[in-house]
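Me: I am new to this structure. Please take a close look at one part of its surface, and then go on to the side-chain contacts.

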Amino acid sequence: MERHIMTREHPLVSVIIPSYNRSEVLRLCLDAVAAQTYPHIEVIVVDDCGTEDAAHVAASRGATVIRTRVNGGPTPARNLGAEHATGEILFFLDADIALDPDAVENAVRILRADPRLGALGGILRPESLLTQSRAAQYRALQMHRWWMPAHRPTLELHASVLAVPAKVFAEVGPFDPRLRETVSSDYRVRVTRSYTVKLSDAVRGRKDHDATVPTILRKVFRRARLSALDWREGETPGDSVPRAVGGVLLLAAVPALALPKVAGRAGALVPPALVAAAVALDAGTHRFAYAQRGAAFGLYFSGVHLAVTFTGALGGAVGVAQRFALARLDRLARLAAQE
């Protein structure tokens, strides 16, 4: 098939930013875009029916502002922004991320160097942008290492920092607005049918993270549950398997707490053994936190990380159960319709 070719030495880049309130963070995002070393940029901010002055903030910084008709979340907002973009490269960026000054320039260079490359994902720095609570610092380290690894082979992409040639986006089609937490995985699968994809630590930014552990846990549970509901074959990256197994082991440790009543002292060894095995499966993440922030914060990190891993596994288990229940109800409904 025909591969995409950049028609200009310095192609125009459309930075597309879905925004919903959080105008103080949007300012930092837009200031970082304005400070890019690559000069050929148009900025499109899609205001998703926010109630704050985000649209005014964006307009005052020279961005083209588009407003959605209804609040539909970042996926429809990204698609709407792409419809209004005129650049040869679409750079999708979440409003709570401030790019490094050379991020766009590096993205253009990498995409121009490889005509087979259909999507280029960026990574998050291990520091929070604005919020500096201990929970936010935990999340920054965890997402840098766990969600957006820079030095491991992976096909995982995230639409929050993603550069796509406009011709590829037109060919592959927009992000699927029906999906909730597997949008990026679905898009990766569709792109890789014809092109390669890549993550690069040359395209980096700092994200503003949630301030409290309960907020993080609620989001982790919700995302894991919805991901299990929306999952399609081929969407789960291979390097997430050890993490998933670790979560299952942590889930198993809860009912194993009753083993001492049945198996005595031998049974009492099972729960800590399961927890230790879960930690070992994600040992690199724990070591990274200790190396970055020292032992005191490392202990805090490990405690929160176990809670996050357990919560993600629990959300996934609930999602799987809901998926099977919905499938069974669907089969019963089809059988009833045939009678």
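Reply: Leu 326, Leu 329, Leu 332 and Leu 335 make a nonpolar surface patch of about 400 Å². Patches are built from residues with over 30% relative accessible area and no salt bridge, where like charges are joined within 9 Å and nonpolar side chains (Val, Leu, Ile, Met, Phe, Trp, Tyr) within 5 Å. The accessible areas come from the Shrake-Rupley method with a 1.4 Å probe, and for residues only the protein chains shown count as cover. The model is predicted, so local features need pLDDT of at least 70 and side-chain atom pairs count only at pLDDT 80 or more, while totals for chains, interfaces and linings use all residues. Residues are numbered from 1 along each chain as its sequence is written, and side-chain values use heavy atoms, with hydrogens and water left out.

Helices (H or I, at least four residues) and strands (E, at least two) are DSSP runs numbered from the N terminus. Leu 326 has a relative accessible area of 51%, so this residue is exposed. The cut-offs are under 20% for buried and over 50% for exposed, with partly exposed in between (1.4 Å probe, protein chains only).

Charged ends also sit over rings. The charged end of Arg 293 is over the ring of Phe 297, 4.3 Å from its centre. Arg 134 lies over the face of Tyr 300, at 4.2 Å from the ring centre. The rule here is that NZ of Lys or CZ of Arg is within 6 Å of the ring centre and within 35 degrees of the ring normal.

Rings of Phe, Tyr and Trp (its six-membered ring) pair if their centres lie within 6.5 Å; planes under 30 degrees apart count as stacked, over 60 as edge-to-face and the rest as tilted. Phe 175 and Tyr 187 have ring centres 4.7 Å apart and planes at 50 degrees, so they form a tilted pair. This pair links distant parts of the chain, 12 residues apart: Phe 175 is in the loop between α6 (166-172) and α7 (183-191), and Tyr 187 is in helix α7. Phe 175 and Tyr 187 are buried. Ring pairs join Phe 92, Phe 169, Phe 175 and Tyr 187 into a cluster.

Helix α7 also holds a charged pair. Arg 190 forms a salt bridge with Asp 186, with the closest N and O atoms 3.1 Å apart. A salt bridge is a side-chain nitrogen of Lys or Arg within 4 Å of a carboxyl oxygen of Asp or Glu. Because Arg 190 and Asp 186 are 4 residues apart in helix α7, about one helical turn separates them. Arg 190 is buried at 16% relative accessible area, and Asp 186 is buried at 6%.

The count of salt bridges comes to 14. One of them joins the side chains of Asp 53 and Arg 27 (3.8 Å, N to O). It links distant parts of the chain, 26 residues apart: Asp 53 is in the loop between β2 (41-47) and α2 (54-60), and Arg 27 is in helix α1 (residues 23-34). Asp 53 is partly exposed at 34% relative accessibility, and Arg 27 is partly exposed at 30%.

In another salt bridge, the side chains of Arg 67 and Asp 47 meet at 2.7 Å, N to O. Arg 67 in strand β3 and Asp 47 in strand β2 are 20 residues apart, and the pair links distant parts of the chain. Arg 67 is partly exposed at 49%, whereas Asp 47 is buried at 4%. Strand β3 (residues 64-67) also contains Val 65, which is partly exposed at 31% relative accessibility.

A network of salt bridges links Arg 22, Glu 24 and Asp 208. Arg 22 lies in the loop between β1 and α1, is partly exposed at 35%, and has a phi near 50 degrees, a positive value in a residue other than glycine. Asn 21 is placed in the loop between β1 (13-19) and α1. Its phi is near 60 degrees, also positive in a residue other than glycine, and Asn 21 is buried at 12%.
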